[in-house]
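Hello,

Here is the structure I promised to pass on to you. Please open it and keep it in view while you read my notes below.

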Amino acid sequence: MSENTKKSDKATVLECRQLSSGYDDATVIDNINIQITEGQVFGILGKNGMGKSTLLKTIMGFLKPINGEIYYADQPIGGLEPQVLARRGIAYIPQEAAIFQDLTVEENLRLGLPSDRLLPSGMEKVAAYFPIIPQRRKQFAGTLSGGEQKMLLMARALMSDPKLMLVDEISEGLQPTMVENITQVLGQVAAKENTSVLLVEQNVRLVTRVAHSVALLEIGRIVQEMQLDDGADNELALTEMMRV
Ligand SMILES: Nc1ncnc2c1ncn2[C@@H]1O[C@H](COP(=O)(O)OP(=O)(O)OP(=O)(O)O)[C@@H](O)[C@H]1O
């Protein structure tokens, strides 16, 4: 049975068809085709400047596609505003720590919710993945460590019960133990909540540990795509590919 046949029993959550995007006249991502099913973790590996953030910003509506289409839950979403997509269940975790430093952890979390009434159940959900977050609810977010700030970003995304999470280089600048923790949470979220995750990264180890499929992005184009087989030495193979 081909991989495509195997994938077809799960609903497609995100599909990019011949997607191109960029800034002003400069095309940065070019003719991208990806398909992500429910509960699937899809990793995109690429070095600096290859277009990883541009791809996520385009899917999230911060940039308008130059060409091609984006479908989310079978509906075209290309060009819709980020807040519309957030309400429909897409959570975006940007590369920069986009938290409000002068607000408490709890106040930051509230901002991700349509109503304060959802805070207790949201906090309960977050506690299962990041116990430290409820413990620090009264602490100013700006006083959290870099890793804890990334946890807060993920916690805020999780509280909105997303169907799809777009995660931009979450491992950047983090200690290996923190990367390990976040990797485990991403895997658990996909498995338990059936959330799909599109992860763009330079960290081959993280992607190999958690992703079901991986694509290699080079200068805005996907040059290789593979399913990650359990047991195979995917980390070594992907590290070699990244080096080329
Ligand atoms: N606002 C912008 N205006 C013009 N060009 C931009 C802008 N942001 C990014 N670029 C260019 O687009 C290309 C891809 O950048 P992008 O940030 O998508 O790459 P990346 O793979 O996420 O890299 P990194 O890992 O360094 O964040 C780069 O050449 C970059 O200089």
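Predicted model: local features only at pLDDT ≥ 70, side-chain atom pairs only at ≥ 80, totals over all residues.

Residues are numbered from 1 along each chain as its sequence is written.

The protein chain is assigned domain 1 (3–89 + 162–243) and domain 2 (96–161); such bounds come from an automatic or database domain assignment. Their C-alpha centres are 23 Å apart. Across the boundary, 11 residues of domain 1 are in contact with 10 residues of domain 2 (C-beta atoms, placed from the backbone, within 7 Å). Helix H8 (residues 176–193) gives the largest share of domain 1's side, five residues. Helices (H or I, at least four residues) and strands (E, at least two) are DSSP runs, numbered from the N terminus.

Now look at strand E7 (residues 164–168). Five of its five residues are buried, so E7 is largely enclosed by the rest of the structure. Buried means that 20 or more other C-beta atoms, placed from the backbone, lie within 10 Å of the residue's own. Leu164, Leu166 and Asp168 point one way from E7, and Met165 and Val167 the other way.

E7 runs parallel to strand E6 (residues 90–93), joined by four bridges, and strands pair if DSSP finds at least two bridges between them. E7 also pairs in the parallel sense with strand E8 (residues 196–201), over five bridges. Methionine 165 has valine 197 in E8 as its bridge partner.

Happy exploring!

Definitions and conventions:
Contact = placed C-beta atoms within 7 Å. Buried ≥ 20, exposed ≤ 12 C-beta atoms within 10 Å, placed from the backbone.
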